[in-house]
Structure formats: structure tokens, C-alpha cells
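Please look through the sequence and the structure below before reading on.

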Amino acid sequence: MVIAIFGESCTGKSTIANQLAKMAPITMYTGKSYMKLAKNEAEAREAFRGLLEDHQKDDALAVYVISEKDQLSLLPAHAFRVLVTAELAQIQARFAQRMQGNLPTPVADMIERKHGMFDDVPCALHIRSGSQGSEQICERILAACKGATPPPLPCKCPDVNCPRHGHCDACSAFHNEKGTLTKCRRPQAQ
């Protein structure tokens, strides 16, 4: 089975993938690691697509960590898709930390332009960075891959009367279909 963990840079995808590797035997791929399969990108992408199809047919777990939207096209049709998101300020802080505390303006602008680029992509699970520890998130992923109902995440939605309150995956799917942000992701009035 293929588990795709996708989202913007600095949302916690690699942390989740590394925790999965501690909890279950997996084969892990990241970004353009498929380039090792052939000398030109088109051949490498095709070979990788076939490799992921083979993984999809067996019981072993393969995890593909994706930060670029075009890499989603490499996934088998029934890959288990996990979207990992974070607030813009959280992503910027993590980028700054990676850059020794300095976030140059061009990088900040790029992060802002890319923020939300995966919000319209269908997923089986939507994980908000910081909502739970990586071990609990991985337990949810592994349970859902086995067909079990994953334990709920704590809901950060301010609308406690919403019928989807506490059901973040259903709420995300509902708002994705409408083309709107979930209430917990909308800018808060100050």
C-alpha cells in the first residue's frame, strides 16, 4: 500500500513519515528521489509510477513525502492520501529556524504565495500540524489504512454547534467541495 503524505514545506510531513518508520516497516520516498531510477526525468517519473503501482498491490507500506503539487500525478489511483497543513505563521517560523533565524523577504513572499496550494486536493486524512503528537497522528494513519475508524483529533473549530464539529476530515471535504476555508482556518477578527 502507498501512503502519500503531502503538503507545503515545513508543515511536519517528514516528522510524520519518520515516526511512521519507527512504528511500522516502510519503504520511504521523498520528493524527487525517483530521479535515481533513470537518467532523464520523464523516464524516471514513469519508472517511479510503476514502482508505486507495484507497492500499491502488496501488503508492505511505502510512504511518499510530497511538497510539490505536480508529484501527486505519480500516485496510484488508490494511494492513501494524507494532507498535512499548518498556519502561515507556523510555516514561516519553521523556515526561519531552518535558515538560522533569518527569513529573507523573497523566501517569505514565496511561502505566502504557496500557502494553501494543496487545500483543494482530495485526501483521506487531513492533519493540522501541531494538533497532536506525531505518534498519535501515525496511529490514526495506520488505523485508517487498515480500514479502522481512526481516533478523532481535537477540534479547533470555533463553531461548537456545527454538525461537523469534531469531524475535521468530513469538514475539510465539505469545505473543499464548496471552495471555502474551514472555519478553523479562516482569518480571525482581532
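## Salt bridges

In this predicted model, K32 counts as partly exposed, with a relative accessibility of 47%, and its side chain meets that of E41 in a salt bridge with an N to O distance of 3.5 Å. E41 is partly exposed as well, at 31% relative accessibility. Side chains of opposite charge can pair when their charged atoms come close, and the count for this structure comes to five salt bridges.

Another of these pairs is formed by E46 and R49, whose closest N and O atoms are 2.7 Å apart. The two residues are three apart in helix α2, so about one helical turn separates them. E46 is partly exposed at 49% relative accessibility, and R49 is partly exposed with a relative accessible area of 24%. The side chains of K69 and D120 also meet in a salt bridge, at 3.0 Å from N to O. This pair links distant parts of the chain, since K69 lies in the loop between β3 (61-66) and β4 (80-85), while D120, 51 residues apart from it, lies in the loop between α4 and β5 (125-128). K69 is partly exposed, with a relative accessible area of 34%, whereas D120 is exposed at 53%.

## A patch of negative charge

On the surface, E53, D54, D58 and D59 gather in a patch of negative charge. Of these residues, D54 is found in helix α2, which covers residues 41-57, and D54 counts as partly exposed at 47% relative accessibility.

## The loop between β1 and α1

The loop between β1 (2-6) and α1 (13-23) holds E8, which is buried, with a relative accessible area of 7%. The side chain of E8 is joined to that of H115 by a polar contact of 3.2 Å.

C10 lies in this loop between β1 and α1 too, and C10 is buried with a relative accessible area of 5%. Most residues other than glycine have a negative phi, but C10, although not a glycine, has a positive phi of about 65°.

Q100 is placed in the loop between α3 (88-98) and α4 (105-114), and it is exposed, with a relative accessible area of 72%.

N176 belongs to helix α6, residues 168-178, and counts as partly exposed at 31% relative accessibility. From C-alpha to C-alpha, N176 and V121 are 8.0 Å apart in space, while in sequence they are 55 residues apart.

Note on methods:
Residues are numbered from 1 along each chain as its sequence is written. This is a predicted model: local features need pLDDT of at least 70, side-chain atom pairs count only at pLDDT 80 or more; totals for chains, interfaces and linings use all residues. Side-chain values use heavy atoms; hydrogens and water are left out. Patches are made of residues with over 30% relative accessible area and no salt bridge: like charges are joined within 9 Å, nonpolar side chains (Val, Leu, Ile, Met, Phe, Trp, Tyr) within 5 Å. Accessible areas come from the Shrake-Rupley method with a 1.4 Å probe; for residues, only the protein chains shown count as cover. A salt bridge is a side-chain nitrogen of Lys or Arg within 4 Å of a carboxyl oxygen of Asp or Glu. Lys and Arg count as positive and Asp and Glu as negative; His and the chain ends are not counted. The place of a charge is taken as NZ of Lys, CZ of Arg, CG of Asp or CD of Glu. Helices (H or I, at least four residues) and strands (E, at least two) are DSSP runs, numbered from the N terminus. Buried means under 20% relative accessible area, exposed over 50%, partly exposed in between (1.4 Å probe, protein chains only). A polar contact is a pair of N or O atoms within 3.5 Å; within protein, one must be able to donate a hydrogen and the other to accept it, and residues adjacent in sequence count only if both atoms are side-chain atoms.
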